[in-house]
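Trainee: I would like a close look at one part of this model. Please take me through the pocket and the parts of the chain around it.

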Amino acid sequence: MPWNELEVGLKAEPNCIMIKRDFSALAKESYDLIIVGGGIIGTGIARDAAMRGIKTLLLEKEDFAYGTTSRSSRLIHGGLRYLRQLELGLVRQDMREREVLLHIAPHLVHPLPFIIPIARPMDHLALPMGMLLYDIISFDKSLPSCHRLSRRETLDREPGLESKGLAGSYLYYDCQAPFVERLCIENVLSATQHGALVLNHAEVIGLLRSGNGVCGE
Ligand SMILES: Cc1cc2nc3c(=O)[nH]c(=O)nc-3n(C[C@H](O)[C@H](O)[C@H](O)COP(=O)(O)OP(=O)(O)OC[C@H]3O[C@@H](n4cnc5c(N)ncnc54)[C@H](O)[C@@H]3O)c2cc1C
């Protein structure tokens, strides 16, 4: 069977989702939205758009999640770091998106505890204020609130920390998607299920234009 006619899926499963590598559909069909790149952003957009009834095509030149997506720290952070720049809207948006992911992909997105040591004089003021602000902005989060640990509790949890000057720490939770490639694949499957055409190993080398539209790639 030629590689472009391969079907991916378990045929024995009655409800399994089939990804048909139907290159001929590219010439026959027209699309409302063409996404170039099958990383976490492209596959997420494809899923979202297809679920809204937008006729969607996604083209990825390598395999899904081949790019930056597979080389990241895989954190789904709730925007704590944007507090420093006082980007409060962005903190709230990140936190909401983290909640969405926790809700739709609880098997792939897991809480991850972080400890921020209180060691410098400025930490005594900046950290409690920052943590309080973060908890207020993320008041409806499902993860535990920030929590102050004593010096002893901190060292019990993290014995490798430099103890000199350590006054304690703050414990807070973010999330991580250790298998982010799988998150991409599940986006692809869901997009396909909702009618999108998604093709990997399909590089876009240019756009053929006709009037105001794109008629080929
Ligand atoms: C070290 C590191 C840590 C990070 N940590 C975090 C983090 O904790 N939290 C966070 O939210 N973000 C983090 N990021 C950023 C995050 O990884 C990126 O923002 C995200 O992965 C970008 O996804 P993307 O889908 O836009 O890009 P990519 O994953 O790079 O996808 C782009 C895709 O487009 C394809 N492509 C390119 N040209 C073509 C073409 N002509 N035709 C077809 N396909 C094409 C590529 O093959 C690639 O697969 C981190 C990034 C790095 C490097």
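Mentor: The largest pocket has a lining of 24 residues, and those nearest its centre are Ile40, Ile41, Ile76, Glu97 and Leu101. Keep in mind that this is a predicted model. The space in the largest pocket comes to about 820 Å³. Helix 2, strand 5 (75–76), helix 3 (88–104) and helix 6 are the elements that each give two or more residues to the lining of the largest pocket. Helix 3 contributes the most, with seven residues. Sorted by type, the lining of the largest pocket holds ten nonpolar, eight polar and six charged residues.

Take helix 3 next. Helix 3 is 17 residues long and spans 25 Å from its first C-alpha to its last, close to the 24 Å expected at 1.5 Å a residue. Which residues of helix 3 are buried? They are Val91, Asp94, Met95, Arg98, Glu99 and Leu102. Looking down the axis of helix 3, you find these buried residues within an arc of 140°, so they line one face of the helix. Strand 5, helix 4 (123–137) and strand 8 (168–176) are among the elements that cover the buried residues of helix 3. Gly89 and His103, on the other side of helix 3, are exposed.

Helix 2 can be read in the same way. Helix 2 covers residues 40–51, twelve in number, and its first and last C-alpha atoms are 16 Å apart, close to the 16 Å expected at 1.5 Å a residue. Its buried residues are Gly42, Thr43, Ala46, Ala49 and Ala50. They take up an arc of only 130° around the axis, which means that they sit on the same side of helix 2. The buried residues of helix 2 pack against strand 3 (33–36), strand 4 (56–59) and helix 6 (180–193).

Now look at Met51, which also belongs to helix 2. Leaving aside residues up to four places away in sequence, Met51 touches Ser190 and His194. Met51 and Ser72 are 21 residues apart along the chain, and their C-alpha atoms are separated by 27 Å. Just after helix 2 comes Gly53, with a positive phi of about 85°.

Ala65 is in the loop between strand 4 and strand 5. The phi of Ala65 is near 70°, a positive value in a residue other than glycine. With a relative accessible area of 3%, Ala65 is buried. His201 is not a glycine either, and has a positive phi of about 50°. You will find His201 in the loop between strand 9 (197–199) and strand 10 (208–210). The relative accessibility of His201 is 43%, so His201 counts as partly exposed.

To return to the pocket, helix 2 and helix 3 are among the elements that give two or more residues to its lining.

Terms used
Residues numbered from 1 in each chain as written. Predicted model: local features only at pLDDT ≥ 70, side-chain atom pairs only at ≥ 80, totals over all residues. Heavy atoms only, no water. Helix = DSSP H or I, 4+ residues; strand = E, 2+ residues; numbered from the N terminus. Expected span 1.5 Å × (residues − 1). Buried < 20%, exposed > 50% of the residue type's maximum accessible area, 1.4 Å probe, protein only. Arc of directions from axis to C-beta. Contact = heavy atoms within 4.5 Å. 1 Å grid on protein atoms, 1.4 Å probe; cavity = no way out; pocket = protein on both sides within 12 Å on 5 of 7 lines; lining within 4 Å. Points joined across faces, edges and corners; volume = space filled by probe spheres on them. Nonpolar A, V, L, I, M, F, W, Y, C, P; charged D, E, K, R; others polar.
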